[in-house]
Amino acid sequence: MESKILINPSILNADFNDLENEIDKVASTSDYLHLDIMDNIFVPNFTFDLDRAFEIINFSKLPVDAHLMIDNPDEIAPLYAENGCTSVTFHLEAATDVSKIIREIRANGAKVGLAIKPATPFADVERWIEEIDMLLIMTVEPGFGGQSFMHDQMLKVKQARTFIEKLIEVKPTLQIDGGVSLETIAEGAKAGANCFVAGSAVYKSDKPAEMVSNLRELARKNYPF
Ligand code: DX5
Ligand code: ZN
């Protein structure tokens, strides 16, 4: 069972021209690097092409948790697994054959994450919960950093946590992403999230590594499971 709290900084709002250094700043206190991949089709924003993403994965001192906000995860997700990501998360809304993507990510040696946008109900992913390592419930509309935390997603987080707690064997990690900060992380932890992506909260801070530790402490104190 995964009862440990994980804090994964997102470099979406870090300095893209100095990423190696930006990642180093948080490496001592973080669990994973959250790498947001956007294709300007699934979301109205673009981050990295495959070559640049693979470079980042290569020089990151932290294991990489890739979050694929892309239109064709069926083709692309296995490539991220093959190219060194520890965990690869794709969106249900973009997938054609979810079970096949899950199998292919795993076959290429990575953990499997499945993500849902704010409008997608938990019921839509329920049938895959026992096949995945992580469920990502978005707490903003995917596409941009620095948006406000959607408190109304906590109902879905609670629903997911209740479902996960009933599982006897492996319990997947429950991640939230978007608007996570010192003001909102306790609410997410109370609802049952145990993995937190934080972009602007970390990179707008003067002390990013310390911010990660402070976020972790708050989550730990408030996580009841
Ligand atoms: C949003 C991305 C997030 C984003 C989080 O589409 O998936 O990972 O970078 O940034 P903050 O923490 O600023 O909301
Ligand atoms: Zn993300």
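This is a predicted model: local features need pLDDT of at least 70, side-chain atom pairs count only at pLDDT 80 or more; totals for chains, interfaces and linings use all residues.
Residues are numbered from 1 along each chain as its sequence is written, and chains are lettered from A and ligands numbered from 1 in the order in which they are written. Local features need pLDDT of at least 70, side-chain atom pairs count only at pLDDT 80 or more, and totals for chains, interfaces and linings use all residues, while side-chain values use heavy atoms, with hydrogens and water left out.

Helices (H or I, at least four residues) and strands (E, at least two) are DSSP runs, numbered from the N terminus, and two strands pair if DSSP finds at least two bridges between them. Strand β5 pairs in the parallel sense with β4 (residues 87-91) over 5 bridges, and S87 has K111 of β5 as its bridge partner. The chain passes from β4 through α4 to β5 in a right-handed β-α-β crossover, a term that applies if, with the strands pointing away from the viewer, the path from the first strand over the helix to the second runs clockwise. Strand β5 also pairs with β6 in the parallel sense, over 4 bridges, where L114 is bridged to L135 of β6. Of the 6 residues of β5, 5 are buried (under 20% relative accessible area, with exposed meaning over 50% and partly exposed in between, for a 1.4 Å probe and protein chains only).

Helix α4 (residues 98-107) contains I101, which is buried at a relative accessible area of 1%. Leaving aside residues up to four places away in sequence, I101 touches P73, D74, A77, F90 and A95, contact meaning heavy atoms within 4.5 Å. The C-alpha atoms of I101 and P78 are separated by 7.1 Å, although these residues are 23 apart along the chain.

The structure holds 4 aromatic pairs, defined for rings of Phe, Tyr and Trp (its six-membered ring) whose centres lie within 6.5 Å, with planes under 30 degrees apart counted as stacked, over 60 as edge-to-face and the rest as tilted. One of them, between F122 and F163, is edge-to-face, at 5.5 Å centre to centre and 65° between the planes. Because F122 lies in the loop between β5 (111-116) and β6 (134-138) and F163 in helix α5 (residues 154-165), the pair ties together parts that are 41 residues apart in sequence. F122 is buried at 2% relative accessibility, whereas F163 is partly exposed at 24%.

The charged end of K117 sits over the ring of F42, 5.0 Å from its centre (NZ of Lys or CZ of Arg within 6 Å of the ring centre and within 35 degrees of the ring normal).
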